Amino acid sequence: MRQSVVQNVDALRENETLINMDLLGLVPSTSRWVGQEFIDIYFRDFHPAWPFLHRGTFKMPQEPCILLQSMVMMGLWIKGDKESRDAAMVFHRKLISAIEAQRSEWYVSESTLCPNNEMPWPMATYQSILIHIVLALFVAEQETTLDLNCRYRLSAPAYEILTALVETCRQLGLFNYPKMLSKHHPSAPLALVWVSVEEIKRFGLALYKVCRLCARGVDSHTEKKAHRNGDFLKNELLTLADLEFCMPDSDELWNAPPGQQSAWIRGTASQQRSRDNRDSKGWISHTSKQLNDDRIAFDWI
């Protein structure tokens, strides 16, 4: 079953490679080198804190280059010596520029009425963008001070890409459980659907976490005005109300080694260890109704 899942995931990623082809053409050939050492660092150190990639179906030769380059960039940064971090920043600047230049390939604006359900969700592109925004937070932590809300102020380019990513996800209904299911044919292997849904759920929670950690770089007058209006950060960043799905399933199942096929089959085929996403009362968005109040401007959650 796992081999079937991997083959189906590979097919999806081959299609996405085409989506990213023009974007990659903007990156110099010197940035195309991929080092296994830094992919290993990514999974060893970064993945436990930000587990939005599924390691069990990750196959480096089949992954889109934009995702591999972003993972290498993060591995270089985590390695920590000056030479590695300088190289990570070269990746970061060039790939952020490429992502921005090719915005039309992945961005869906609020003015797009009723996006076609057939429109692909280039998840590797979205995951790559998220990795870059997390790195931008690491850089901001070193170069700037926290604001009074205990958030780091991202650089203008990084923040604009973040808000474009959030807007795109909202427009596509990316975090709506029924829409997640609708991206798969009814005859698709259950394990494939489970991997896809879990990856989107974990991506959504990671994106929400990023939104909770950062702020737009505005002057104090603009920020005070926004607070008085009660709309500061609430319209352009992801909220709990956007997450129309249950919490992810267990980390044990998500991180199961490829060789443990029996646990994989039991956890996905029988669904005995999976959450019931069909009941909207269990969705994170439902919880937000008890945690948010339009009459209260303070951003508690």
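Before anything else, I noted how elements are named: helices (H or I, at least four residues) and strands (E, at least two) are DSSP runs, numbered from the N terminus. This is a predicted model, so I kept in mind that local features need pLDDT of at least 70, that side-chain atom pairs count only at pLDDT 80 or more, and that totals for chains, interfaces and linings use all residues. Residues are numbered from 1 along each chain as its sequence is written, and side-chain values use heavy atoms, with hydrogens and water left out.

**Entry: His132**

I looked up His132 and found its place in helix α5. Is His132 buried or exposed? His132 is buried, with a relative accessible area of 0%; buried means under 20% relative accessible area, exposed over 50% and partly exposed in between (1.4 Å probe, protein chains only). I then listed its contacts (heavy atoms within 4.5 Å). Leaving aside neighbours within four places in sequence, His132 touches Ser70, Met73, Phe91, His92, Leu95, Ile96 and Ile99.

**Entry: α4 against α5**

Two packed helices are described by the angle between their axes and the distance between the axes. Axes here are lines fitted to C-alpha atoms, for helices over the stretch in contact, and angles run from 0 to 180 degrees between N-to-C directions. The axes of helix α4 (residues 82-101) and α5 cross at roughly 130° and come within 11 Å. That makes α4 oblique to α5; angles under 35 degrees count as roughly parallel, over 145 as roughly antiparallel, 65 to 115 as roughly perpendicular and the rest as oblique.

I noted the crossing of α4 and α5 as left-handed. A crossing gets that name if the near helix is turned anticlockwise from the far one by less than a right angle, and is right-handed if clockwise. On the α5 side I found Ile129, His132, Leu135, Ala136, Val139 and Gln142, facing Arg85, Ala88, Met89, Phe91, His92, Leu95, Ile96 and Ile99 of α4. The residues of this contact divide into ten nonpolar, three polar and one charged. For that count, Ala, Val, Leu, Ile, Met, Phe, Trp, Tyr, Cys and Pro are nonpolar, Asp, Glu, Lys and Arg are charged, and the others, Gly among them, are polar.

**Entry: α5 against α8**

Next I took helix α5 (residues 123-143) with helix α8 (residues 190-213): they pack at an angle of about 25°, with axes 11 Å apart. α5 and α8 are therefore roughly parallel to each other. I recorded a left-handed crossing for α5 and α8 too. From α5 the contact uses Met123, Tyr126, Gln127, Leu130, Ile133, Val134 and Leu137, and from α8 Glu199, Ile200, Phe203, Ala206, Leu207, Val210 and Leu213. I have twelve nonpolar residues, one polar and one charged in the contact of α5 with α8.

**Entry: cysteines**

How many disulfides does a search of the whole structure find? I got zero, a disulfide being a pair of cysteine sulfur atoms within 2.5 Å. The sulfur of Cys211 has its closest cysteine sulfur in Cys214, 5.7 Å away and too far for a bond. Cys211 counts as buried at 4% relative accessibility, whereas Cys150 is exposed at 54%.

**Entry: Asp249**

I found Asp249 in the loop between α9 (220-229) and α10 (251-254). Asp249 is buried, at 5% relative accessibility. Asp249 and Glu198 are 51 residues apart in sequence, yet 7.3 Å apart in space, C-alpha to C-alpha.

**Entry: the whole chain**

Last, I noted twelve helices and two strands in the protein chain. Buried residues make up 48% of its 301 residues.
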